Amino acid sequence: MAHYSIVIPTLNERDNMAPLLEKIDSCGLTDYEVVVVDEHSPDGTLEAVRTYAGDRRDIRGIFNENGRGLSPSIVYGFGQATGEILCCMDGDLQHDVKDLKGLLETADQADFVIGSRYTSGGGFAGKWNPVRVLISRTATCMAHVILGVKSTDPMSGFFAVRRSAFEAVRDEMSPRGFKVMLELLFLLSRRGGFDIREYGITFGKRIHGKSKLSMKVISDYLRMLLALKAGRK
Ligand SMILES: Nc1nc2c(ncn2[C@@H]2O[C@H](COP(=O)(O)OP(=O)(O)O)[C@@H](O)[C@H]2O)c(=O)[nH]1
Ligand SMILES: [Mg+2]
């Protein structure tokens, strides 16, 4: 059983897999596994993972069998993972592997750790499209107002949760949705008694592949906020 499980949801990230896995392998962690959860990406993302992994059992590429979408993929990956600490990071290198060890070690002392671009030590690499930053800021603001959650960056998608905390709210999670981290934050905060912290991360630019952020994702997000607020699944 691994101590840390790094779960990576993917959709068409073939060219990012080997560089990402190499960075994870050399970031100074010892007891970890990587679970890439793909959704039949036509570009051969899983083949890239399997080629890199060879006979290794600590790097697995699996298909999401939990209903389509990002959150279902992450929840499926957590269910397949063996670690005591479950971490989720993007497969496009925008989450910097340099932040991984610190985030995981913070999680050793806590129940839930949110990687934040807006806390000390966090930020953006290079120059950012102001429209994307505005979307991210607006989404954060809406989460504060509608759900009353306190995080400085509930949308970053880079986080680690203790298995017992995940399992405590697992049945309350919606199988749909885009932002599993926000949902976990909301459910753990509402239940109370969990040690929730933030850790500064640097958000990088995407080099290979395309963002899947779209108007559909934004409208799904709004629907999810309102559904969480109303206590619906
Ligand atoms: N399994 C799965 N992964 C997804 C899906 N949508 C996005 N991803 C992955 O989730 C991560 C973040 O998505 P991305 O498009 O980069 O979002 P952005 O950084 O907000 O533009 C990347 O690793 C994507 O490949 C999906 O529907 N299913
Ligand atoms: Mg991205």
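Predicted model: local features only at pLDDT ≥ 70, side-chain atom pairs only at ≥ 80, totals over all residues.
Strand 7 (residues 159-162) is covered on both faces. In a regular strand, side chains alternate between the two faces of the sheet. On one side of strand 7 are Phe-159 and Val-161, and on the other Ala-160 and Arg-162; all of these residues are buried. Strand 7 pairs with strand 4 (residues 85-88) in the antiparallel sense, over 4 bridges. Strand 5 (residues 112-116) likewise runs antiparallel to strand 7, to which it is joined by 3 bridges. Phe-159 takes part in both pairings: this residue is the bridge partner of Cys-88 and also stands opposite Ile-114.

The surroundings of ligand 1 comprise 18 residues, of which Pro-9, Ser-73, Gly-91, Ser-211 and Lys-212 are the closest. The elements contributing two or more residues to this shell are strand 1 (4-10), strand 2 (32-38) and helix 3 (70-80). Classified by residue type, the shell around ligand 1 consists of 7 polar, 6 charged and 5 nonpolar residues.

Note on methods
Residues numbered from 1 in each chain as written. Chains lettered and ligands numbered in written order. Buried ≥ 20, exposed ≤ 12 C-beta atoms within 10 Å, placed from the backbone. Pairing = 2+ DSSP bridges. Near = placed C-beta within 6 Å. Nonpolar A, V, L, I, M, F, W, Y, C, P; charged D, E, K, R; others polar.
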